[in-house]
Amino acid sequence: VYAQNQESAIVYTTSNGEQVDVNHNLVQSHTFEAGKGEIILKDGISEITGDLWSSGKSNVTSIIIADCITTICKEAFLGFDSLMRITIPDSVTKIEKRAFQGCSSLKIVFCKPMIPPKGGSDMFEYIAYGCKIYVPISDDDSIINAYKAKTHWKNYAYHIFEEKPANNEIWYTATEKVEPYDKTVFGATYL
């Protein structure tokens, strides 16, 4: 399921890769890119609400959010039970209550803001056991400590880690950006 900035502009990707609206008319979406099991939220909206999603949530495994998003609203991704990975950009300043509740397959969250977004209660409730929330690295541990101390984030302190490779791991690529800990993309490898 792919959505735009209006409820009436919900866009679906068919099994052959075409994007269609709710009436099965072929559309071109500039806000969302389709991928097999992936949603890429692009420029054009400032917040994500649960009202935009209808059916198809169980097929989504990865979400990348564009830098234009500032708020992930209440229950925005509630029940995305196949979601395994999400990237939250620097621009996000607020994650409301139960935003990712019930994302029981969620294993990796890349949270890019240097300052922890305002968190809502139960924002990551019922995520996968062992899920890791990666935050930016700092020389003095100030960023990770801020996340672990922030209201509602502190409930997930045991999930929060700095975004850096383990001692025996190296990520590299010649042409693409590699995000640490995602060994499945762009030739990432470890020794």
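Two strands are said to pair if DSSP finds at least two bridges between them. Helices (H or I, at least four residues) and strands (E, at least two) are DSSP runs, numbered from the N terminus. The structure shown is a predicted model, in which local features need pLDDT of at least 70 and side-chain atom pairs count only at pLDDT 80 or more, while totals for chains, interfaces and linings use all residues. Residues are numbered from 1 along each chain as its sequence is written, and side-chain values use heavy atoms, with hydrogens and water left out.

**View 1. An open sheet is formed by four strands in the order S5-S7-S9-S11.** The pairing in this sheet is parallel. Its edge strands are S5 (47–48) and S11, each of which pairs on one side only. Two bridges connect S9 with S11, again in the parallel sense. Within this pair of strands, Ile95 stands opposite Gly119 of S11.

**View 2. Thr71 belongs to strand S7, which covers residues 71–72.** The relative accessible area of Thr71 is 11%, so the residue is classed as buried (under 20% relative accessible area; exposed is over 50% and partly exposed in between, with a 1.4 Å probe and protein chains only). Contact here means heavy atoms within 4.5 Å. When neighbours within four places in sequence are left aside, Thr71 is in contact with Ser46, Glu47, Ile48, Lys94 and Glu96.

**View 3. Ile65 is located in strand S6, residues 62–65.** Ile65 has a relative accessibility of 4% and therefore counts as buried.

View 4. Strand S8 (residues 85–88) runs parallel to S10 and is joined to it by four bridges. Cys111 in S10 is the bridge partner of Ile88. S10 also pairs with strand S12 (residues 132–135), in the parallel sense and over three bridges. Here the bridge partner of Phe110 is Tyr134 in S12.

**View 5. Lys107 occupies the loop between strand S9 (94–95) and S10.** With a relative accessible area of 43%, Lys107 is partly exposed. Not counting residues up to four places away in sequence, Lys107 touches Met84, Ala128, Tyr129, Gly130, Cys131 and Lys132. The C-alpha atoms of Lys107 and Ile133 are separated by 8.3 Å, the residues being 26 residues apart along the chain.

**View 6. Aromatic pairs number eight in a search of the whole structure.** A pair of aromatic rings is described by the distance of the centres and the angle of the planes. Rings of Phe, Tyr and Trp (its six-membered ring) pair if their centres lie within 6.5 Å; planes under 30 degrees apart count as stacked, over 60 as edge-to-face and the rest as tilted. Phe77 and Phe80 make an edge-to-face pair, 5.2 Å centre to centre and with 80° between the planes. Phe77 is buried at 0% relative accessibility, and Phe80 is buried at 1%. The rings of Phe110 and Tyr134 are stacked, at 5.7 Å centre to centre and with 25° between the planes. Phe110 lies in S10 and Tyr134 in S12, so this pair ties together parts that are 24 residues apart in sequence. Phe110 counts as buried at 0% relative accessibility, as does Tyr134, with a relative accessible area of 4%. Ring pairs also link Phe77, Phe80, Phe100, Phe124, Tyr147, Trp153 and Tyr156 into a cluster.

**View 7. Lys132 lies over the face of Phe161.** The distance from the ring centre is 5.1 Å. A charge is taken to sit over a ring if NZ of Lys or CZ of Arg is within 6 Å of the ring centre and within 35 degrees of the ring normal.

**View 8. Asp122 and Asp141 have positive phi values although neither is a glycine.** For Asp122, phi is about 55°. Asp122 is found in the loop between strand S11 (118–119) and S12, and is partly exposed at a relative accessible area of 32%. For Asp141, phi is near 65°. Asp141 lies in the loop between S12 and helix H1 (142–149), and its relative accessible area of 35% makes this residue partly exposed.
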